[in-house]
Amino acid sequence: MHTMQHLFHETLQDVYYAEKQLVKTLKKLSKTATAPELQTAFADHMAETETHVERLETVFELIGEKPRAKKCPAIIGIIEEGDEVAAEAEDPAVRDVGIIAAAQAAEHYEIARYGTLCEWAKTLGYTEAKEILGQTLEEEKNADMLLTQIAEGGVNQAGERVAA
Ligand SMILES: [Fe+2]
Ligand SMILES: [Fe+2]
């Protein structure tokens, strides 16, 4: 019988896998990006993502489990799609537009997962875990908002100016 505790633990393993992948992806994106503000945003969020990995390890500990990553097809697909967009864009300005969109898909994945985990932690009475997961949720939302600001602040316009 799968209990809600079991679901919580499964999802934790899933997002643990995703965060570890995203550390590598964000490092790569900080070099692939051309706009300086975008490079900085990716580098900063990579550092935050390292903290997200550590926070998840704390949550595993709090529920009496060993940190274990479970391959998550959803994040693999999002990351692969981003790689494709980056490889296909010949112009750096257009590439920036594409990788922002790909990165936002990853942030939205994380927002969905952490939103769920926070709610479940609340229901299950994992008060401390909920607190910790909530901190990460806020950082994911901020990362997403910052990417929107960067896109609207000039990256999209620069991409639009690139001639066919
Ligand atoms: Fe994260
Ligand atoms: Fe994130």
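User: What should be kept in mind about the model and its numbering?
Analyst: This is a predicted model, in which local features need pLDDT of at least 70 and side-chain atom pairs count only at pLDDT 80 or more, while totals for chains, interfaces and linings use all residues. Residues are numbered from 1 along each chain as its sequence is written, and chains are lettered from A and ligands numbered from 1 in the order in which they are written.

User: Why are α1 and α3 called roughly parallel to each other?
Analyst: Helices here are DSSP runs (H or I, at least four residues), numbered from the N terminus, and axes are lines fitted to C-alpha atoms over the stretch in contact, with angles running from 0 to 180 degrees between N-to-C directions. The axes of α1 (residues 4-32) and α3 (residues 73-88) cross at roughly 10 degrees and come within 11 Å. Angles under 35 degrees count as roughly parallel, and those over 145 as roughly antiparallel, so α1 and α3 are roughly parallel.

User: Which residues of α1 and α3 meet?
Analyst: With contact taken as C-beta atoms, placed from the backbone, within 7 Å, Ala18, Gln21, Thr25 and Thr32 of α1 meet Ile75, Ile79 and Ala86 of α3. That contact has four nonpolar, three polar and no charged residues, where Ala, Val, Leu, Ile, Met, Phe, Trp, Tyr, Cys and Pro count as nonpolar, Asp, Glu, Lys and Arg as charged, and the others, Gly among them, as polar.

User: What makes the pair α1 and α2 roughly antiparallel?
Analyst: Their angle is about 160 degrees, with the axes of α1 and α2 (residues 36-62) 8 Å apart, and this angle lies in the range for roughly antiparallel helices, which is therefore the name given to the pair. The crossing of α1 and α2 is also left-handed, a word used if the near helix is turned anticlockwise from the far one by less than a right angle. Among the residues of α1 that meet α2 are Leu12, Val15 and Tyr16, and those of α2 that meet α1 include Phe42, Met46 and Val53. The residues of this contact divide into 14 nonpolar, five polar and four charged.

User: How do you know that α1 is roughly antiparallel to α4?
Analyst: The axes of α1 and α4 cross at roughly 155 degrees and come within 10 Å, and that angle makes α1 roughly antiparallel to α4. The crossing of α1 and α4 is left-handed. Residues of α1 in the contact include Phe8 and Leu22, and those of α4 include Ala103, Leu117 and Trp120; by class, the contact holds 14 nonpolar, four polar and two charged residues.

User: Why is alanine 121 called buried?
Analyst: A residue is buried if 20 or more other C-beta atoms, placed from the backbone, lie within 10 Å of its own C-beta, exposed if 12 or fewer, and partly exposed in between. Alanine 121, in helix α4, has 24 such atoms and is therefore buried. Leaving aside neighbours within four places in sequence, alanine 121 is in contact with Tyr126, Ala129, Lys130 and Leu133.

User: What makes glutamate 128 exposed?
Analyst: Glutamate 128, found in helix α5 (residues 127-160), has 12 other C-beta atoms within 10 Å, and therefore counts as exposed.

User: Why does proline 67 count as partly exposed?
Analyst: Proline 67 lies in the loop between α2 and α3, and its 16 C-beta neighbours inside 10 Å place it in the range between the two limits, so it counts as partly exposed. Leaving aside neighbours within four places in sequence, proline 67 is in contact with Tyr16, Leu56, Glu57 and Phe60.

Key: Helices (H or I, at least four residues) and strands (E, at least two) are DSSP runs, numbered from the N terminus. Angles under 35 degrees count as roughly parallel, over 145 as roughly antiparallel, 65 to 115 as roughly perpendicular and the rest as oblique. Two residues are in contact if their C-beta atoms, placed from the backbone, lie within 7 Å.
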